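Please look over the sequence and model before reading on.

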Amino acid sequence: MWGGRTGAFPRVWRLWLTGVLGRRPLSYNAASIAGNNSSQCWNCGGPGGPTAGNTFFCPQCQALQPPDLTRDHFSLMDCNRSFRVDTAKLQRRYQQLQRLVHPDFFSQRSQTEKDFSEKHSTLVNDAYKTLLAPLSRGLYLLKLHGVEIPEGTDYEMDRQFLMEIMDINEKLSEAQSEAAMKEIESIVRAKQKELTDSVSRAFEQDDLEKAKEILTKMRYFSNVEEKIKLKKIPL
């Protein structure tokens with residue numbers, strides 16, 4: 001077969017070895033894979049990595065892929081990047097994703113996929129909780145626009161507003177009856193509803209400074225809500 005071509009087989013063999021040994025082996029370390037934006041599947045090498053569209057599994061081998069860390073919460077939860085969110089749709093999306101990536105469904109899979117499922121599930125939980133509540137949703141939306149409100153800042157709140165908060169806190173500390181607590185709760189709930197409507201309009205008008213001011217006020221009332229919950233807990 002190789003007559004007249006002395007040394008051909010050794011040359012072919014050397015070329016084959018060079019090609020095989022020169023290939024970069026697939027990594028099975030979840031941490032290193034998760035930080036890689038390759039569109040190739042970590043398991044089989046086929047097209048199906050984290051950047052290959054809105055899919056969590058390789059279409060070739062069905063291995064769970066690493067999370068795409070470049071996706072924001074709105075994209076992950078299939079929502080428009082807007083303050084107005086359909087919470088019923090958000091909940092359905094959350095349940096759909098958890099049925100896909102929850103760690104309970106990967107107990108018999110490889111360790112790499114177990115690790116990925118943990119990461120996916122954490123990201124889904126964070127996205128859901130963030131977008132579900134108006135305050136955290138608004139703060140996150142501001143952050144996507146490059147605007148943040150540092151914790152503990154008064155953001156130049158007007159004196160009248162700060163006096164209002166002080167008055168509510170004082171009433172809360174003095175409240176001894178269930179009726180008094182319910183009255184304070186009702187006041188805070190109404191204020192939060194009013195502010196939520198206002199911040200929604202501010203975002204619709206792309207008035208980020210106004211949105212920042214309103215969200216700061218919402219955070220004050222959120223702190224009051226936490227104090228009410230704590231006071232309800234029996235000692």
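## Overall fold

Helices (H or I, at least four residues) and strands (E, at least two) are DSSP runs, numbered from the N terminus. By that rule the chain has nine helices and zero strands. Its pattern along the sequence is α-α-α-α-α-α-α-α-α. This is a predicted model: local features need pLDDT of at least 70, side-chain atom pairs count only at pLDDT 80 or more, and totals for chains, interfaces and linings use all residues. Residues are numbered from 1 along each chain as its sequence is written, and side-chain values use heavy atoms, with hydrogens and water left out.

Of the 235 residues in the chain, 35% are buried. Buried means under 20% relative accessible area, exposed means over 50%, and partly exposed lies in between (1.4 Å probe, protein chains only). Contact means heavy atoms within 4.5 Å. Among contacts with a separation of 6 or more, 59% join residues 24 or more positions apart.

## Aromatic pairs

The structure holds seven aromatic pairs. Rings of Phe, Tyr and Trp (its six-membered ring) pair if their centres lie within 6.5 Å; planes under 30 degrees apart count as stacked, over 60 as edge-to-face and the rest as tilted. Trp42 lies in the loop between helix H2 (30–34) and helix H3 (73–76), and Phe116 in helix H5 (residues 111–132), so the pair ties together parts that are 74 residues apart in sequence. Trp42 is buried, at 7% relative accessibility. Phe116 is buried too, at 0%.

Phe57 and Phe106 make another pair. Their ring centres are 6.4 Å apart and their planes at 10 degrees, so this pair is stacked. It links distant parts of the chain: Phe57 sits in the loop between H2 and H3, Phe106 in the loop between helix H4 (87–101) and H5, 49 residues apart. Phe57 is buried at 18% relative accessible area, and Phe106 is buried at 2%. Elsewhere, Phe161, Tyr220 and Phe221 form one aromatic cluster.

## Helix H6 and its neighbours

Helix H6 spans residues 134–144, and its buried residues are Leu135, Arg137, Gly138, Tyr140, Leu141 and Leu142. They pack against H3, H4, H5, helix H8 (178–204) and helix H9 (208–232). Arg137 also lies over the face of Phe83, 5.0 Å from the ring centre. A charge sits over a ring if NZ of Lys or CZ of Arg is within 6 Å of the ring centre and within 35 degrees of the ring normal. Just after H6, Gly146 takes a positive phi of about 80 degrees.

How do H5 and H6 pack, and at what angle? The angle is about 105 degrees, with the axes 5 Å apart. Axes are lines fitted to C-alpha atoms, for helices over the stretch in contact, and angles run from 0 to 180 degrees between N-to-C directions. H5 and H6 are therefore roughly perpendicular to each other. Angles under 35 degrees count as roughly parallel, over 145 as roughly antiparallel, 65 to 115 as roughly perpendicular and the rest as oblique. Lys129, Thr130, Leu131 and Leu132 of H5 meet Pro134, Ser136, Arg137 and Tyr140 of H6. The contact residues divide into four nonpolar, two polar and two charged. Here Ala, Val, Leu, Ile, Met, Phe, Trp, Tyr, Cys and Pro count as nonpolar, Asp, Glu, Lys and Arg as charged, and the others, Gly among them, as polar.

## H7 against H9

The axes of helix H7 (residues 159–174) and H9 come within 11 Å and cross at roughly 5 degrees. That makes H7 roughly parallel to H9. From H7, the contact includes Phe161, Ile165, Ile168 and Leu172; from H9, it includes Tyr220, Phe221, Val224 and Ile228. Charged residues take part as well, including Glu164 and Glu174 in H7 and Lys217 and Lys231 in H9. In total, the contact residues divide into nine nonpolar, two polar and five charged.

## Two single residues

Ser222 is in helix H9. At 18% relative accessibility, Ser222 counts as buried. Leaving aside residues up to four places away in sequence, Ser222 touches Leu135 and Gln192.

Gln95 is found in helix H4. Gln95 is partly exposed, at 38% relative accessibility. Its C-alpha atom is 9.9 Å from that of Tyr128, a residue 33 places away along the chain.
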